[in-house]
Amino acid sequence: MSEQVDKALENLESSWDKWLSHLMELVRIPGVSAKPPPAKELEDSAEAVRAIMEQAGFENTEVIGFPGGHPYAYGEWLHADGAPTLLLYGHHDVQPPGRPEKWRTPAFEPTMGDDGRLYGRGAVDDKAGVLMHVAACAAYLETTGSLPVNVKFIVEGEEEAGSQSLERFLETYKERLAADVIVLTDTANLEAGLPSLTTSLRGLASLDVEVRALDHPIHSGMFGGPVPDPVIALCRSIGALTDADGKLAVEGIWDDVRALTEKERKAMEALPFDEARFCSDVQMVPGAKLTGDQEMPVWGRIFRQPAVAVIAFEARPFEGSSNQIIESAKARISLRIVPDQDPGKVEQAVAKHFEKTVPWGLEVKTTARESAIWWMTDTSHPAFAAATRALEAGYGTSAAFIGCGGSIPFVDPFARVLGGVPALLMGVEDPPCNAHGENESLNVDDWKKGTRAAVHLYDELSRLSG
Ligand SMILES: [Zn+2]
């Protein structure tokens, strides 16, 4: 370990109070993204991040307003001649607080719990992620006056609203943001204390399906029996989306799913998994079984296999129901998709499933909805080995390569616009953090470990050719 790293780590150990109070200062700003933009709080939160960056020694700090988008905070330090340039990413906006009565402490009043977690909206998602890098950079700049790498730090204000303007923003500032490696800090560790690099994300395909039997509801006594019920017809087809184990059974749906290599499967099997804890974490009812491909480890099902959920269903509400055969029933079908599936092709396969399986000659109408492509990175670039070493040094334990079952809208624009440079996805969320929910919290110990890992990361990446 270089002397520079030692000094930075030492500085960090004596600065935690300062960083924790900066974190609390940020959590107090309710920069909720979902309001009609751009709310004043979002401006405040971008400015607060900019000011902390400036104090930390970043140069050319700026709040960048963007037409039709939310304000970004930006800062850079570009004096490491000949060393690689990192583009760091985090976001300063937050989700709405949800139901106030469910919060044990006020959402925007950061509160340290006895459990070593800091409670508050945005504490973990993503204000801790942002400050991780600010603190790690400051630790170098305050001790040695320089960083081992060049750093550009972009802090988005629109992530929780789907990063709608991010791609345009990246296109606009492409030259200014050019980098050798991207570090995106807004993901989770598989479990507390286990540093994890996210190397794949699932995509999304969705459609609405409507099954119609009649023009208007009719009396179920006078006509029930011979006249088909569209709700039952739709349910039969929905039921046939999976087999008895709950594994997707739509014709052709598995055709393009990329098989795990032997190495990937071994890695998946080596990830810690405790079924009882998994079930209790998600609060499944006692006795409920895990579904899907029983041949595949559970993490493999979440990271690398497609899945379906019926996210909305409409027939007739209980209120106002009577003994009738109703005219039609509707469902919204949402699929998580994986390499190498094409969202359009998946939508078509599911549409065809309904056309083929809805019984009794009823009318079927399907409408494609939102979709998002999956993302997966090749981990052979030396930046991944460097990140693994840095995480191990920061956390004091081996790092894991994991996938993420969800779709993160900001990853694909970065990968696309910035010319395919390696993207390191590392963050400090953990299973109990409840990001987006009530009582969101940060595991403060992991935040410290993650920040130490960032100090190591800049050093490790400085040895890649710039
Ligand atoms: Zn986030």
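Predicted model: local features only at pLDDT ≥ 70, side-chain atom pairs only at ≥ 80, totals over all residues.

Analyst: Happy to! Thr111 has Tyr119 of β5 as its bridge partner. Strand β5 covers residues 117-119 and runs antiparallel to β4, with 2 bridges joining the two. They belong to an open sheet of 3 strands, ordered β4-β5-β18 with antiparallel pairing. At its edges are β4 (111-112) and β18 (441-443), each of which pairs on one side only. Across β4, β5 and β18 lies helix α15, residues 444-462, running at about 60° to β18.

Now for the salt bridges, of which the model has 28. One of them brings the side chains of Lys40 and Asp44 together at 2.9 Å, N to O. These two residues sit 4 apart in helix α3 (residues 40-56), so about one helical turn separates them. Lys40 is exposed, at 58% relative accessible area, while Asp44 is partly exposed at 32%.

Another salt bridge links Glu62 with Arg176 (2.8 Å, N to O). Because Glu62 is in strand β1 (residues 59-64) and Arg176 in helix α6 (residues 174-177), this pair ties together parts 114 residues apart in sequence. Glu62 is partly exposed, with a relative accessible area of 32%, and Arg176 is partly exposed at 31%.

Arg332 and Asp208 also meet in a salt bridge, 2.7 Å from N to O. Here strand β13 (residues 328-337) supplies Arg332 and strand β9 (residues 203-212) supplies Asp208, so the pair ties together parts 124 residues apart in sequence.

Methods: Residues numbered from 1 in each chain as written. Heavy atoms only, no water. Pairing = 2+ DSSP bridges. Contact = heavy atoms within 4.5 Å. Axes fitted to C-alpha atoms, helices over the stretch in contact; angles between N-to-C directions. Salt bridge = Lys/Arg side-chain N within 4 Å of Asp/Glu carboxyl O. Buried < 20%, exposed > 50% of the residue type's maximum accessible area, 1.4 Å probe, protein only.
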